[in-house]
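Here is my note on this structure, point by point. Please read it with the model open.

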Amino acid sequence: MKGRKLLMIPGPIEFEPDVLQALGMATTSHVAPNFIEVFGKSLELMRDVWNSPKGQPFIVAGTGTLAMDMSVANLIEQGDNVLIISSGYFGKRFKDIFDGYGANTTILEAPLGEAVSLDLIEKELKSKKYKALTITHVDTSTGMLIDPKPIAQLAQKYNTLSILDGVCSVAGEEINQDEWGIDVVLTASQKAIGVPPGLALLMVSQKAMEVWKNRKTPIPNYYSDWNNWLPVMKAYEERRPSYFGTPAVNLIVALETSLKIICKEGIENRVKRHKNLAKAFRAGITALNLEILPQTTDIAANTLTAVYYPKGIVGAKLLSKIASNDIIVAGGLLSGIQTSYFRIGHMGSVSPNDLVAVLAALERSLLELGYDVESGKSLQAFQGELLKAK
Ligand SMILES: *Cc1c(COP(=O)(O)O)cnc(C)c1O
């Protein structure tokens, strides 16, 4: 027994050994030629992963929440109308951030497990002029996947900026930022991008950069202000030194390594791997007669799965049994139903073997707690589905 635990939560995730090794490299000056090259290359590689050849990338020390904050601070002015399309906890967080900057927010929410309809979104966009709308691509609290493409189309039709919270989707779910016309796609390092926590990453369309340049009022946030960061990003991409706040040197070295791994696999292949594994995993879960939060599989995320505890099983007991089998999964996050479900992350470096281990531990734990299920059933369903996908 090596005592190694498998970290299967929706971020931080299991990182590639090469990424962790890169992180441990001797820290160089942030203006050393080798680091300038690494930073510049990372900015370029982001465009490939986001499918945004024309976008303006930003790499800033911080978390996903900082990336959300940055998009709001730079694009929104007091009194602007903003439409929040929410599918859980992180939709509400976006609303809180906008409210904090004095925006006029309207939140659209569907019943739990359902997606807000396009008709409802269009009706709202018609009712008044919205400066921006937000979509949570994958809400990590519910495991809900929202298709951003038709919503981004509506945003363009009504001349509204679209901001995609892709913290739990970039490098795991399909994103074609430029083709779909999404103005901001933001994420954090510790999720499907596959780098330890500490980097906020954004890709901003030229249209959104114009809106930013033409704003009337100053940006009420010093650290988030793109006036400070844009010259730094431009300089590093042109392989020139620059400074505003010291870049997270080691994390950026690790980011370049991870982006290279992602691009080597190919973003399309990577998305397909996530789809196939998620589908097979859901088959395994269903074979245990367990239910997932999203009502239909077309709105079930491919980067994580949220599963209700079965009747008669105490959630905390199940999670501790799974943990004693060296598999770490996450509890519920959405207030009100927090103790009625749990979440399994399956993004980034995830392999079929990882998910076999999760299903085996889950099944064994359920059996030990007296749940009535045939041993091996979930594995059979998982394998069957995966073989079909090949
Ligand atoms: C994790 C997450 C966030 C917050 O990211 P932090 O790095 O924890 O600040 C925001 N949105 C979504 C969808 C997330 O999954």
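Is Lys-207 buried, partly exposed or exposed? Lys-207 is partly exposed, at a relative accessible area of 34%. This is a predicted model, so keep that in mind throughout.

1. Start with the partner of Lys-207. Asp-183 forms a salt bridge with Lys-207, and their closest N and O atoms are 3.9 Å apart. The pair links distant parts of the chain, 24 residues apart. Asp-183 sits in the loop between α7 and β9, while Lys-207 belongs to helix α8 (residues 206-213). Asp-183 counts as buried because its relative accessibility is 3%, under the 20% limit.

2. Next, the neighbour of that aspartate. Ile-182 is also placed in the loop between α7 and β9 (184-188). Its relative accessibility is 1%, so Ile-182 counts as buried. Beyond four places in sequence, the contacts of Ile-182 are Pro-148, Ala-152, Ser-162, Leu-164, Gln-177 and Ser-205.

3. Now the loop between β8 and α7. Ser-169 lies there, between β8 (161-165) and α7 (177-180). Ser-169 is buried, with a relative accessible area of 0%. Setting aside neighbours within four places in sequence, Ser-169 touches His-137, Val-138 and Ile-175.

4. Glu-174 is found in the loop between β8 and α7 as well. Is Glu-174 buried, partly exposed or exposed? At 42% relative accessibility, Glu-174 is partly exposed.

5. Salt bridges deserve a point of their own. How many does the structure hold? There are 18 salt bridges. One of them pairs Lys-95 with Asp-99, the closest N and O atoms being 2.8 Å apart. Lys-95 and Asp-99 are separated by about one helical turn, because they are four residues apart in helix α4 (residues 89-100). Lys-95 is partly exposed at 23% relative accessible area. Asp-99 is partly exposed too, at 32%.

6. Two further items on charge. Glu-265 forms a salt bridge with Arg-273, and the closest N and O atoms are 2.6 Å apart. Glu-265 is partly exposed, with a relative accessible area of 25%. Separately, a network of salt bridges links Glu-37, Glu-44 and Arg-239.

How values were computed. Residues are numbered from 1 along each chain as its sequence is written. This is a predicted model: local features need pLDDT of at least 70, side-chain atom pairs count only at pLDDT 80 or more; totals for chains, interfaces and linings use all residues. Side-chain values use heavy atoms; hydrogens and water are left out. Helices (H or I, at least four residues) and strands (E, at least two) are DSSP runs, numbered from the N terminus. Buried means under 20% relative accessible area, exposed over 50%, partly exposed in between (1.4 Å probe, protein chains only). Contact means heavy atoms within 4.5 Å. A salt bridge is a side-chain nitrogen of Lys or Arg within 4 Å of a carboxyl oxygen of Asp or Glu.
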